[in-house]
Amino acid sequence: MGPPPIVTGVSPKEGPPGTRVTVRGEFLGKTPQDLCGLTICGCDCLLSAEWKSPNKIIARSGPGKGKGEILVTTRSGGRGTCTVEFRGYHEMIGPMKETAVWVEEAPLRKMWWGRRGLTPTTYQHDDPLGISIEGVEQKFPEEGLHKLFPGGSGDLSSENFAAGWFLLERHHATPFDDLRAGLAFLRRKVDGQKEGQLSFIKSNVGSVMEQMDTLAQLKERFEEDVEKQGQDPTVRLEGAIKESMLEANKLFEDVLTRRERADATRSALAVLQRFRFLFGLPGAIEKNIKKGDYDAVINDYARVINLFGNTDVPVFKKVLAEVELRIAQLRKLLHHRLEEAPTSLEAQKKLIRNLVHLEEGGDPAWDAISCHSRHLTTTMIHCRDTNLAQEQAALEEGGKTPKSSKQKSTSSSNQNSDWQTSVPARVLLTEELADAISERFPDFWKLGQAYFTGELQVKVVPGRQQDFKKLVLASISLFSGLLRAALMPHTLVRTPAAERASYGVWHSRGMEGLGPWLPHCVRALRHAYSSLIRLDLPSEALDIVAGLIFDLRVHCMSTLLKQAGESIRNLHTQESWNIQFDGEHGGITHLPAECERVVAEALQLAKDSVLLSEQRETLLLDPDVVQRDLNNLIQNMLLGFVEVLDKLALGSDAIAGESPGVSQMIGSPAIFQVRGSDSVLDKGRGKDKESGPAWEQRLLCVLSNIEYTRSILLPRIADLFARYQLPAQTGPLAAVKKALTELDQRVLDAYLEQRSDPLVGTIEPSMYIGNFNWHTALKPMDVRPYVKELLTNLISVHAEVHSISPGLVWRVLPQLVETVAEELARLMVCLDKKFNVHGTQQACADIAAIREAVTVYSTPTAEAFFEEALEAIPRLSDVQGKRNVEDVLNNFRSRMRLQLLCFRDPKTPSTKSV
Amino acid sequence: MKKPNTQPALHKVIMVGSGGVGKSALTLQFMYDEFVEDYEPTKADSYRKRVVLDGEEVQIDILDTAGQEDYAAIRDNYFRSGEGFLCVFSITEDDSFQATQEFRDQILRVKNDENIPFLLVGNKSDLDEKRKVSVFESCSRAATWGVPYVETSAKTRSNVDKVFYDLMREIRSRKIEDNKPGNSRGKDKSKRKKLKCVIL
């Protein structure tokens, strides 16, 4: 790429269009071919550009006006720049302007194109004095001029031209010397003109000579012609023209006659052709009918009627009659086909059009419509009947329930064991009906639309609109009714019995097992509905279907929730008592999780198919009634779980389980038994259900589950509802919570009763084991064994509870401690102060030991009982006795250290027992 | 040649003188180092290029005017925009030398300034054998006007650059002087103008 061109000089720097401009600069192209663009004042001048050297181009300016750049573009250097300007202006011919050629005012520019130098002063100047009037800011006031030169004018071409006015107006600021120079200029010009035409001709001698020459030539030619042709040169021409006309006529006469003859022959042939067409028509019609080409038949028929319709010739009439006969047959055929099983919409429209063209009487279009409607109805009724029959058969044959996929194995005797048998007949009916509606109905509706919009070229009989609407509504409501009868008979309770019967009566038993299929039905219905919506049906018709869908959705929802409730109620059979620990809530079984899963599944299913509204459907939960029903259902469902827990804890078969109890002596600690059975459970669960955990443990599990359900599961379920955009179910949830709390209390009581009875019962026998007597007691060396047994038993309960749910320890042990304290108080009061000294010391030590051991779980009530027990014992007065008690206690503390550790509050370890 | 952001100073030079004395030839020689043999009367040509004047880059704008009497009336317009003048005559033609007085007067009238940058240029110095105007004559006229006199030859390029550069230097120093505060020349000018208005 070379350097870009730069224009640094222009000669001249201004001029009218067509001025020959010398452009100078640098890098203006290496060769003429290198130059590929030249604009002057924005006008492309490349055409006239003449490349001279890399420094010089000569071109003619274009029609641009005003100042502008000269830009050169070369292949080697691209688009260039410019440091000078060219000014284009349009020259005007004024009164002071001489011109040798005729100036046409309008296309002035063209006249001047390329003509230069015709006058000595091509440089146009407005001012007759030749003085520039640039820069005159101040104008002489016009009123003053009027005053000075009344009736005058500054216009040069005016009759009233006043030189003073002109000078003041144009040159009142011009210096005197300038005016003098102007005068000299004007004088020169006038002199030039005074020289006469001579100077003008001199400057334009070229053109004048040319004109003279042309005139001379013209004259010469003309004279020559006159010489040759005589005075009147047109006579011979006229003669020649006449002669050639005659000759032409002669030439073409022959051709013309031949053409006439050909025309005649052709028309004769056409007539013959027409006759042949007529006679061949009956055969042709038959052939075309066979081929099914009705359009051809109709065309032929129309043609023949057109040609021979008014004929009087007997032969023709005879043939025509035959044709009419064929056509009548065709009409019948077409009509029959129209009423046959529905063909496609287009085919039907075509048939109708054909019939209309055949000028069939009656109203084929309407016939087609009503036929279509009839067919729709029959299809639906047929669907109902077949499926009804099928279900009936299934009911009779399969016994209890209409087949569902689960029952397949049991009803293997069923002959049609294909897939269809696994689907309830009602569901099949729904599918078939939905298909029928979405396939057939659009055709029916479109046919109707075509009929009323005049697309079928039929006159619409007044009143038909209403009839059509009735037909539409009838078929839609039949559709809805059939489905209601099959899926939701309860919604038809209010319809008249006769109408109800027409929708088919389904056996109530058939309803069972339908639940899981309902969402499927909703989907099928929705599909049909959407195809109806697309048809732009009247809203009355759509509302029927919308109502049906809404009811079905509600029904489906409630069925789903009922099902969920049932499966939750059945959960107790699935309890495996397999305890899983999680950090915060102690041990729970998988039951709550199962419950949550069931609820979530039900909601998911409901959401997928039922809850979301599609186009033109009402929100499911809008009506209050639905909302209330839904609340009840949810409450029922969740209460189901409470019932399950109740059944598991307090049900009759639960209590029947053998209880290992805690009423063993030290030698056979209950712990081992419990642990043992637990380990058996861990290893051999599932093999032997009966060897499940002891009832007490079950109670504890249930307690733990209840707690979990209350604090974790219910909020989670509430979350679920929120996630599925169901309204907050505060009512049902509160009710469930209440039920749970009650159950919790009952279960706890049952457990406490179960545990405390044997515990307390063992105290008295153990106290007097080995014929111990408080008034014959020896000096106490240690606490009595019954104390140790009691503590061990308490430890085992603690262990049991802790193993399932540490949280429960705090609810269970204080209660137990209270009962123990009460029993102790009772026993001590019963003794009626029959203690010897040692007995007193022993009793004091025992009670203090027990009290100290359970201090963490003690309650005010328990403390009161301990006090009561102490008061029942004679007061320990001597120092020796107190020291003895202290010794015993110290002994107890050191010996039972391990056991005592069990009672320490795990959270705030006390130093007391150490 | 890209334009820098700040345009270099622009000096406007006008070529005046009778027809055929070689104004265009001088200009073209200066601009493009070429000598044009064939004569074609100029109407008004415009040239502009960058030159380095005493180490400073400036732009010179040359207006090459018509020498013919036909265009005398429009000269005023051109003169008004000029900042410096090269008044050219041919040393082989006495008429052209005499005409310089007329041009000088017209310039002074239009510019209204005695000290306008101005060079008297005697062209065609290569044709010394045909000399009609003596160096003494020319020098004395230049002295009267208070301007330099230079003899040039567009054909041999003798002194061509010198006249343009000398003139540009004068224009430049003149501009610097004008920009000085306290210079009363501008005032004088307006006063004189007013005076004339009064006379009219």
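A:Glu823 is buried, its relative accessible area being 10% (buried means under 20%, exposed over 50%, partly exposed in between, with a 1.4 Å probe and protein chains only). The residue sits in helix α25 of chain A, residues 806–831; helices here are DSSP runs of H or I with at least four residues, strands are runs of E with at least two, and both are numbered from the N terminus. Leaving aside residues up to four places away in sequence, A:Glu823 touches A:Val760, A:Ile763 and A:Glu764, where a contact means heavy atoms within 4.5 Å.

All of this comes from a predicted model, in which local features need pLDDT of at least 70, side-chain atom pairs count only at pLDDT 80 or more, and totals for chains, interfaces and linings use all residues. Residues are numbered from 1 along each chain as its sequence is written, chains are lettered from A and ligands numbered from 1 in the order in which they are written, and side-chain values use heavy atoms, with hydrogens and water left out.

Chain A has a mean pLDDT of 73, with 75% of its residues at 70 or more; pLDDT is the predictor's confidence in each residue, from 0 to 100. Two stretches call for some care. Over residues 106–125 of chain A, pLDDT stays under 50, and the model has 47 contacts beyond four places in sequence for them. Residues 656–691 of chain A also stay under 50, with 41 such contacts.

Helix α7 of chain A (residues 234–291) holds A:Leu251, which counts as exposed because its relative accessibility is 60%. Together with A:Phe252, A:Val255 and A:Leu256, A:Leu251 makes a nonpolar surface patch of about 420 Å². Further along, A:Asp263 and A:Arg266 join their side chains in a salt bridge (3.3 Å, N to O), meaning a side-chain nitrogen of Lys or Arg within 4 Å of a carboxyl oxygen of Asp or Glu. Both residues belong to α7, 3 residues apart, about one turn of the helix. An α-helix has 3.6 residues a turn, so residues three or four places apart point the same way. A:Asp263 is partly exposed at 34% relative accessible area, while A:Arg266 is exposed at 53%.

Chain B contains 6 helices and 6 strands, in the order β-α-β-β-α-β-α-β-α-β-α-α from the N terminus on. Of its 200 residues, 48% are buried. Among chain B contacts with a separation of 6 or more, 74% are between residues 24 or more positions apart.

Helix α3 of chain B (residues 94–111) has 18 residues and reaches 26 Å from first C-alpha to last, close to the 26 Å expected at 1.5 Å a residue. Its buried residues include B:Phe97, B:Phe103, B:Ile107 and B:Leu108. B:Asn112 follows the helix with a positive phi, near 60°.

B:Asp76 pairs with B:Arg109, the closest N and O atoms being 3.8 Å apart. B:Asp76 is buried at 9% relative accessible area, whereas B:Arg109 is partly exposed at 27%. B:Arg174 and B:Asp113 meet at 2.6 Å, N to O, and both are buried. Finally, B:Asp54, B:Glu56, B:Lys162, B:Asp166, B:Arg169 and B:Arg172 are linked in a salt-bridge network.

Methods:
The expected span of a helix is 1.5 Å times one less than its number of residues. Patches are made of residues with over 30% relative accessible area and no salt bridge: like charges are joined within 9 Å, nonpolar side chains (Val, Leu, Ile, Met, Phe, Trp, Tyr) within 5 Å. Accessible areas come from the Shrake-Rupley method with a 1.4 Å probe; for residues, only the protein chains shown count as cover.
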